[in-house]
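Please look over the protein below, then read the report beside it.

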Amino acid sequence: TPHTLTEASALLADLRRARRSGVAFDREEHTLGIMAAGIAFHTADGHALAISVPVPSARFRDAERSIVAALIETRERIFAGLAGAAA
């Protein structure tokens with residue numbers, strides 16, 4: 001059963017979780033059979049960047065932790081690379 005955000009309160013709660021954790025999820029809200037985790041952030045000069053990893057739902061649940069860890073590591077590497085480029 002897909003996770004749906006059809007109520008404003010559920011959407012707002014989901015947004016609060018994403019802000020707190022830094023990771024947002026699409027649990028088949030966009031496309032049935034596809035789930036995704038994503039991050040969004042701003043560079044020091046104000047550019048908005050986002051990365052998402054869509055995966056078939058049947059595999060997402062088992063891979064969710066590793067996907068989130070990889071996204072967070074990627075964000076940190078991007079920040080480190082940008083900081084190094086600015087130096």
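## Layout

Helices (H or I, at least four residues) and strands (E, at least two) are DSSP runs, numbered from the N terminus. The protein has two helices and three strands. Along the sequence they follow the pattern α-β-β-β-α.

This is a predicted model, in which local features need pLDDT of at least 70, side-chain atom pairs count only at pLDDT 80 or more, and totals for chains, interfaces and linings use all residues. Residues are numbered from 1 along each chain as its sequence is written, and side-chain values use heavy atoms, with hydrogens and water left out.

## Inside and outside

How much of the protein is buried? Buried means under 20% relative accessible area; exposed means over 50%; partly exposed is in between (1.4 Å probe, protein chains only). Buried residues make up 21% of the 87 residues.

The protein exposes about 6100 Å². Carbon and sulfur atoms supply 59% of that area. Accessible areas come from the Shrake-Rupley method with a 1.4 Å probe, and for residues only the protein chains shown count as cover.

## The core

A nonpolar core is a set of buried Ala, Val, Leu, Ile, Met, Phe, Trp, Tyr and Cys residues joined through side-chain atoms within 4.5 Å. The largest one here has ten residues: Val23, Met35, Ala37, Ile39, Phe41, Val55, Phe60, Ile67, Val68 and Leu71. Strand E2 (34–42) and H2 are the elements that give two or more residues to this core.

Take Val55, one of the ten. Contact means heavy atoms within 4.5 Å. Leaving aside neighbours within four places in sequence, Val55 is in contact with Gly33, Ile34, Met35, Phe60 and Ile67. Now take the whole protein. Among contacts between residues at least 6 apart in sequence, 38% join residues at least 24 apart.

## Two surface spots

Arg65 sits in helix H2 (residues 57–86). Is Arg65 buried or exposed? Arg65 counts as exposed because its relative accessibility is 77%. Arg65 and Ala37 are 28 residues apart in sequence. In space they are 9.9 Å apart, C-alpha to C-alpha.

Leu11 belongs to helix H1 (residues 8–21). At 37% relative accessibility, Leu11 is partly exposed. Leu11, Leu12 and Leu15 make a nonpolar surface patch of about 240 Å². Patches are made of residues with over 30% relative accessible area and no salt bridge; like charges are joined within 9 Å, nonpolar side chains (Val, Leu, Ile, Met, Phe, Trp, Tyr) within 5 Å.

## Salt bridges

A salt bridge is a side-chain nitrogen of Lys or Arg within 4 Å of a carboxyl oxygen of Asp or Glu. How many does the whole structure hold? A search finds four.

Among them is Asp14 with Arg17, at 3.4 Å, N to O. Asp14 and Arg17 are three residues apart in helix H1, so about one helical turn separates them. Asp14 is buried, with a relative accessible area of 18%. Arg17 is partly exposed at 40%.

Another joins Glu73 and Arg77, with the closest N and O atoms 2.9 Å apart. Both residues lie in helix H2, four residues apart, about one turn of the helix. Glu73 is partly exposed at 42%, whereas Arg77 is exposed at 60%.

The side chains of Arg75 and Glu76 also meet in a salt bridge, at 3.9 Å, N to O. Arg75 is buried, with a relative accessible area of 13%. Glu76 is partly exposed at 43%.
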